[in-house]
Each structure stands twice: as C-alpha cells, then as structure tokens.
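Look at the chain below.

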Amino acid sequence: MADLVYKFLIGEEKVYPGALSCRGCGWALLVRHIASILGENTVYVVPASCYSIIAGPYGYNHVKGSTVHTVFAAAPATATGVRAALDRQGNKDANVVVLAGDGGTFDIGLQSLSGAASRGERIIYVCNNNGAYMNTGIQTSTATPYGAVTTTNPNPSYKKTWPKDLMGIVSSHNIPYAATCSLAFIQDFRRKVERAKNADGFSFLMIDGPCPPGHKTDPSQSISIARLAVETKLFPLFEVEHHRVKINYYPKKEIPVEECLKLQGRFRHLFKENATDALKTIQEQVDSNWKRLVKLEEISYQF
C-alpha cells in the first residue's frame, strides 16, 4: 500500500495553465502527470475526443511538447508515421504518445490500434476510458458499462450488454506492457507511465476516466468515485507483460458495487423501487471478472 499513497504535487510542470476541461474531468490531471514524466521531447497524437478540445485550438497547445491532431480512426497509424520520422531524424529518445478516448479506442480506432500493436511500434497508447462518447453528446460506446444510461440508451432502456474486454484484446498482441490505472492511485499510475516509457515496443495504458457531465456526478467527488471503482473491483488495477498478469492492488474488504454506482446519476434508475435485479447481475459479473483475473495471475508464472 505504501507505494500507492496519493501524491499530487508535481515538481516541474510540463503543461500550461488554463486547461479547457470540465470541472472534475480526468483528462487535465492525467496529462499533467504523464507530461511531467515524459518531458518536452514528446509528440502527442490526439484523435477526435474531449482532449482534442482541451489540448487547445490551432495556435495554442496545452502541453509543453508537440501535438498532432488526427482523425478518429487513425491515431495509431499517425503515431506510427511520427515514430518513423523521428527515428529517421535520429531522435530515437523522443516519446510518441497517443491520447485517445474510449470511442476512438474501443470502437473507431480499434483496427489501427491492433495494427500498431502487431507491428510492435515504440508508442505509448493512453486510453482515457470514461465509458461513452462524452465529447459529442454522451452516446454509448462499447466501453459503456452495463446498466448505464446514455443519450443512445435512454432510461428505461439502459445498456444491457457488457463492455468489450479491451485489455484482453490488446494483451493478446503479446506486447511488452499493458496496464490499467486510476487517478485515485497516482503513485501507481506514475510508476506505470514510467514502465510504459521504458518498454521495448508498444505499450498500452487504460485509465478509468472521471466525467461529471456524462456520469452525472458531483465534480468534487471524481477522485472518491474513482477510488471506489477500484475498491469495489469495478475497475481492478493490474498490468500485463507478454501475457503475464499481475494484480497491483487487492482491496482489503468486500464493498458492494452499489456503493460506487449510487453516486453516479447514470445508474440512478437501478435504485428505484420497481427496478429490476440489474444490481445483482452487475455484482455477479464483477465477482466473476475478479475471480478470472486472480486465476490468470495464478497461472501466469507457472510456465
């Protein structure tokens, strides 16, 4: 637990003040920490997403580095081109980082992501998973949690399918490093960014992204809810190195998922008197996912 203690202060900022993010949004915080580790010799490739707005319009730049904006489907392909150009110039120490949302990762950019991972490009791919297309009006993505309401799954027709197992898909490419991260566990997050930076090939980080407008939450509770997502096992912290799974945090006590879900307006309908047993269904699936993850860790180091 000692290495997971929350640490907020950054010695030397590598972002400019005045980010355009919503109150309580995770993007500005996660980019602050990533930029402070990677430094200014970094090229950020940004597809359509909330961060493409936060990064600033043409002529402005949120980060002290270079930013390349690209289309929804092509961020990894663009990053591949940037990587090749930098290597050709002899700038092999430069970092190339994709900053994408779940829509551009789970859905529209999945083919391009798979291509870059298969080629083993030396790219850090960061997915801020806030569970919907928040920038364009809170439409459902394949990362949207079961039971959540979006503008394309309005109440009472909440989403009744499970999110895509993207960590499983990405890890199946046998890449050197993939990990889940939470902004409520900053030191663990920073350690994983360092690991991704030093990986010999393609690396992937998925962050549980707070989004007060989309999740219908109080902005002041973004970090508390992110911590509850880990403690309830809705969003486990783990890493994968060439198929080998390691869980980074075991919750000390059993906390039901409803403790996290009841703080989010997108799940409010699940707590009404005439609600179905969706909460029980979610709890069973979360328990099953956790048991599967523990089993994967157990067998990872037996061969």
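Two strands count as paired if DSSP finds at least two bridges between them. Helices (H or I, at least four residues) and strands (E, at least two) are DSSP runs, numbered from the N terminus. This is a predicted model, in which local features need pLDDT of at least 70 and side-chain atom pairs count only at pLDDT 80 or more, while totals for chains, interfaces and linings use all residues. Residues are numbered from 1 along each chain as its sequence is written, and side-chain values use heavy atoms, leaving out hydrogens and water.

**Sheet**
- Strand 5 and strand 7 (residues 238-241) run antiparallel and are joined by 2 bridges.
- A179 lies opposite E239 of strand 7.
- The open sheet has 8 strands in the order 2-1-3-4-6-5-7-8, with mixed pairing.
- Strand 2 (66-69) and strand 8 (244-247) are the edge strands, each pairing on one side only.

**Helices on the sheet**
- Helix 7 packs on the sheet and touches strands including strand 3 (95-101) and strand 5; contact means heavy atoms within 4.5 Å.
- Helix 11 (residues 278-300) also packs on the sheet, touching strand 7 and strand 8.

**Loop residue L183**
- L183 sits in the loop between strand 5 (177-182) and helix 7 (186-197).
- L183 is buried, at a relative accessible area of 0% (buried is under 20%, exposed over 50%, partly exposed in between, with a 1.4 Å probe and protein chains only).
- The C-alpha atoms of L183 and L30 are 7.0 Å apart, although the two residues are 153 residues apart along the chain.

Terms used. Axes fitted to C-alpha atoms, helices over the stretch in contact; angles between N-to-C directions.
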